[in-house]
Amino acid sequence: MNSARNPRICIAGAGAIGGTIAARLAKAGLDVSVLARGATLDTLRRDGITLTDLEGTHQVPVRASDQPDFGVQDVIFVCAKAHDLPAMVPRLAPLIGEHTIVIPAVNGVPWWYFHGEGGRFADQPVRATDPEGKLAAALPYKNVMGCVVFITAEAPQPGHVVARNPHLIMFGEPDNSMSERLRELCAIVERGGIEARPLERIRDKLWTKIIANISTNPLSVISGATLEDLYTCPELKETVVAIMREVLLVAASYGARVEIDPLTFLELGAAMGPVRTSMLQDYEKNRPLELAAIGDAVLELADRFGIPMPVTRKVIALARFRGKHLHDPQAVAVNA
């Protein structure tokens, strides 16, 4: 990054997370462009992004387009669902230069998981998240920066985001180095009022988020429950803990150090309040569910070590069935 000028930042995808990041950085005076489409693009061009967070409500103008015509960027946040990445990432080519940092801010196991980590599966693909190798082919690994987003947000309307918990993003190099660009990136993000932590072992925190996602997102689709319900209601909490225990074994098999135990997960999750998971929000809007990255990828990693995941497999299967069939008018008619 060129520290002599204001860094050029693109947010690719202006949903709840992308909208929050874009609004915070643009409000701080950073040079922010947003790649969006449809009603969201129309709103951004007309009104900018409206963000309601712990500091109040902000209406922030941003540069927005449905074409990657902003020129080469210093930083690109890719804030799309994991299943949308194979179509989106190749479109970002005009924005990516030799030193551009590309940050996939997505849920689940990232396709680059085994790049640079030096383990027994070094540089092998994660088939569930990049089944045809399109992501690996479209984006050089040297441009990738890992991240774990701890922001709870919803977009009730296009261009309007509500994020009522503290904003935190953790960043880390895939090779676990504490690079200069990592430190510079964190300093830039901090300017926007988002806590940014540089990590030496980004995969440890990835597993923390993976455990939180897989133990709540699919179950929320089945039950319609909020995070508060999932972490406190006895009939749901038992299943959440069972999934956590299964996934903790997978994480340990890959050498991850997960510092939070299941009881602490429950306490922290309940404190989030009546927040709907991102997968439940997608389900209610009849959008595809992010089950490949959040669920199937973890099962893929478990299979490499022959780890049984009976509860996790069942919940993922039920969520997939519900996602495929409940919004089908014929299925509703038959069930009636």
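Predicted model: local features only at pLDDT ≥ 70, side-chain atom pairs only at ≥ 80, totals over all residues.

Colleague: Where does Asn176 sit?

Modeller: Asn176 belongs to the loop between strand E11 (168-172) and helix H5 (180-191). Its phi is positive, about 70 degrees, although Asn176 is not a glycine.

Colleague: What about the phi of Asn286?

Modeller: Asn286 is not a glycine, yet it has a positive phi of about 60 degrees. You'll find Asn286 in the loop between helix H10 (278-284) and H11.

Colleague: OK, on to aromatics. How many aromatic pairs turn up in the whole structure?

Modeller: The search finds ten aromatic pairs. Take Tyr113 and Phe114: the ring centres are 5.0 Å apart and the planes stand at 80 degrees, so this pair is edge-to-face.

Colleague: Are Tyr113 and Phe114 buried or exposed?

Modeller: Tyr113 is buried, and Phe114 is buried too. Another pair to look at is Phe121 with Phe305, whose centres are 5.7 Å apart with planes at 85 degrees, so that pair is edge-to-face as well.

Colleague: Which parts of the chain does the pair of Phe121 and Phe305 link?

Modeller: Distant ones: Phe121 is in the loop between strand E7 (96-104) and helix H4 (134-138), while Phe305 is in the loop between helix H11 (291-304) and helix H12 (310-325). The two are 184 residues apart.

Colleague: And how does burial look for Phe121 and for Phe305?

Modeller: Phe121 counts as buried, with 12% relative accessibility. Phe305 has 31% and therefore counts as partly exposed.

Colleague: Which residues do ring pairs link into a cluster?

Modeller: The cluster consists of Tyr113, Phe114, Phe121, Trp207, Tyr254 and Phe305. Two arginines also come in: Arg203 lies over the face of Tyr113, at 5.4 Å from the ring centre, and Arg304 lies over the face of Phe121, at 5.0 Å from the ring centre.

Colleague: Nice. Switching to strands, what is the order in the open sheet of four?

Modeller: The order is E4-E3-E10-E9, with mixed pairing. Strand E4 (56-60) and strand E9 (154-157) are at the edges with a single partner strand each, so one side of each has no neighbour in the sheet. On average, neighbouring strands are turned by 25 degrees against each other, direction ignored.

Colleague: How do E9 and E10 pair?

Modeller: E9 and strand E10 (residues 160-162) are antiparallel, over two bridges. His160 in E10 is the bridge partner of Gln157.

Colleague: Which helix packs on the sheet?

Modeller: Helix H1 (residues 16-27) does, touching strand E3 (49-53), E4, E9 and E10. The direction of H1 makes about 95 degrees with that of E3.

Colleague: Last topic: in the largest nonpolar core, which residues touch the most other members?

Modeller: Trp207 and Val247, out of 71 residues in that core. Helix H6 (residues 202-223) gives the largest share, nine residues.

Colleague: What does Val247 touch?

Modeller: Leaving out residues up to four places away in sequence, Val247 touches Trp207, Ile210, Ile211, Ile214, Val298, Met309 and Thr312. Apart from this core lies another one of 43 residues, including Ile9, Ala22, Leu44 and Ala153.

Colleague: Great, thanks!

Terms used: Residues numbered from 1 in each chain as written. Heavy atoms only, no water. Phe/Tyr/Trp six-rings, centres within 6.5 Å; stacked < 30°, edge-to-face > 60°. Buried < 20%, exposed > 50% of the residue type's maximum accessible area, 1.4 Å probe, protein only. Lys NZ or Arg CZ within 6 Å of the ring centre and 35° of its normal. Pairing = 2+ DSSP bridges. Axes fitted to C-alpha atoms, helices over the stretch in contact; angles between N-to-C directions. Contact = heavy atoms within 4.5 Å. Core = buried A, V, L, I, M, F, W, Y, C linked by side-chain atoms within 4.5 Å.
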